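Thanks for coming. I have one structure to go through today, so please bring it up on your screens.

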Amino acid sequence: MPLASLPVLRHPTAYDMQRALLHAPQLAPRDYHHIKAAPLSGALGAEVTGVDLAGLGASALAEIADALSDHLVLVFPGQALAPAGQIAFARRLGPVKTWPYARPMPGYPELTELVSGPSDIHNFGGGWHTDSSTFPRPPAFTVLQCIEGPDAGGDTSFANQYLAWESLPEAVRGALAGLRLIHATSKGFGDHSRSTGSSHVTTTPVLVPAEHEGLESSHPVARTHPVTGRKALYVNAGFADRFDGWSPHQSQPLLDALAAHGGIPEFTCRVRWRPGTLVVWDNRCCLHYAHNDYAGQRRVMRRAVVEGEVPL
Ligand SMILES: [Fe+2]
């Protein structure tokens, strides 16, 4: 199918959806010995209990890795890790990278404290995206802990991008094979990508260093997960600027259609935060969306990111 004649994507038929879900291990958690994993929805996410992340043995860690492969998003309530403990846990998952677009937490360069104040209009991550996809090696995992939050509001939604890819009609998947997207820092942070002045998205100022202003990376539209071997749609509405070789104007209709497809409700789960809740997600196969529905209240999150591979 020539790309120019790609149909406007429709909501997947029940057949396409069932065919995609047949491959999902989501509803059949493995038989774990050290953790309990309770699925959050039919698409992705599991609440994990029975484990203390501050004192994690090797076999419990291996079970967490398996659960991450199967469920993509793991929610650990009641952990309340100290900064050093959160960094130590993140390091068990891979190399922890500093995030250069905001001031790190004092004394802990690996952590970014994302603070939303009562007078903030915008929030951090308030649209479907994956973290830092403009990097040549975007983060594999994000490890985010809630320190302080509203009684209601400020949830995060996640969307399974294996399902997004697998539920596309075969002809559309064929047409997209080999297509690449340019992910641009200037798209993601707009005016904030100019390092000449401090800008406020939230109470946490975003300031893109001069050497990152023009940062762009070309990544495949569908990437193959290095552990599961499954293909996932890798379209990031927050950072994807254009298809490689296309103008932004040419790119926008297909980009919009794919982005909308990635976030349909059947692919999602929703996480409610409490102080001490720690969530790990796999940026290589899911999108996330921070809900901006807690005006007038304060929300404090601590984030570490674990480096990933060059997307293939
Ligand atoms: Fe994010």
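Some ground rules. This is a predicted model, where local features need pLDDT of at least 70 and side-chain atom pairs count only at pLDDT 80 or more, while totals for chains, interfaces and linings use all residues. Residues are numbered from 1 along each chain as its sequence is written, and side-chain values use heavy atoms, with hydrogens and water left out.

Pocket first. On a 1 Å grid over the protein atoms alone, a pocket is an open set of points where a 1.4 Å probe fits, with protein on both sides within 12 Å along at least five of seven lines; lining residues have an atom within 4 Å of a point. Volume here means the space filled by probe spheres set on the points, and grid points are joined across faces, edges and corners. The largest pocket comes out at about 600 Å³. Its lining has 34 residues, and the closest to the pocket centre are Asn123, Phe124, Gly125, Gly126 and His129. Which elements each supply at least two residues of that lining? They include β5 (112-116) and α6 (185-189), along with β17 (286-290) and β18 (299-307). Helices (H or I, at least four residues) and strands (E, at least two) are DSSP runs, numbered from the N terminus. Sorted by class, the lining holds 17 nonpolar, 13 polar and four charged residues. For that count, Ala, Val, Leu, Ile, Met, Phe, Trp, Tyr, Cys and Pro are nonpolar, Asp, Glu, Lys and Arg are charged, and the others, Gly among them, are polar.

Next, the cores. A nonpolar core is a set of buried Ala, Val, Leu, Ile, Met, Phe, Trp, Tyr and Cys residues joined through side-chain atoms within 4.5 Å. Buried means under 20% relative accessible area, exposed over 50%, and partly exposed in between, with a 1.4 Å probe and protein chains only. The largest core has 54 residues, of which Val73, Phe158, Leu176 and Val221 touch the most other members. There is also a second, separate core of 30 residues, including Val51, Leu61, Phe89 and Met105. Contact means heavy atoms within 4.5 Å. Leaving aside neighbours within four places in sequence, Val73 has contacts that include Leu44, Phe158, Trp281 and Cys286.

Now the single residues. His71 sits in helix α2 (residues 58-71) and is buried at 0% relative accessibility. Beyond four places in sequence, its contacts include Pro25, Tyr32 and Leu44. The His71 C-alpha is 8.7 Å from that of Ala24, 47 residues away along the chain.

Leu72 is in the loop between α2 and β3 (73-76). Leu72 is not a glycine, yet its phi is positive, about 75°, and the residue is buried at 1%. Ala80, in the loop between β3 and α3 (83-93), also has a positive phi, about 45°, without being a glycine. Is Ala80 buried or exposed? Exposed, at 59% relative accessibility.

Last, Glu309 lies in the segment after β18 and is partly exposed at 29%. Not counting residues up to four places away, Glu309 touches Pro136, Arg137, Pro138, Arg223, Pro226 and Arg284.
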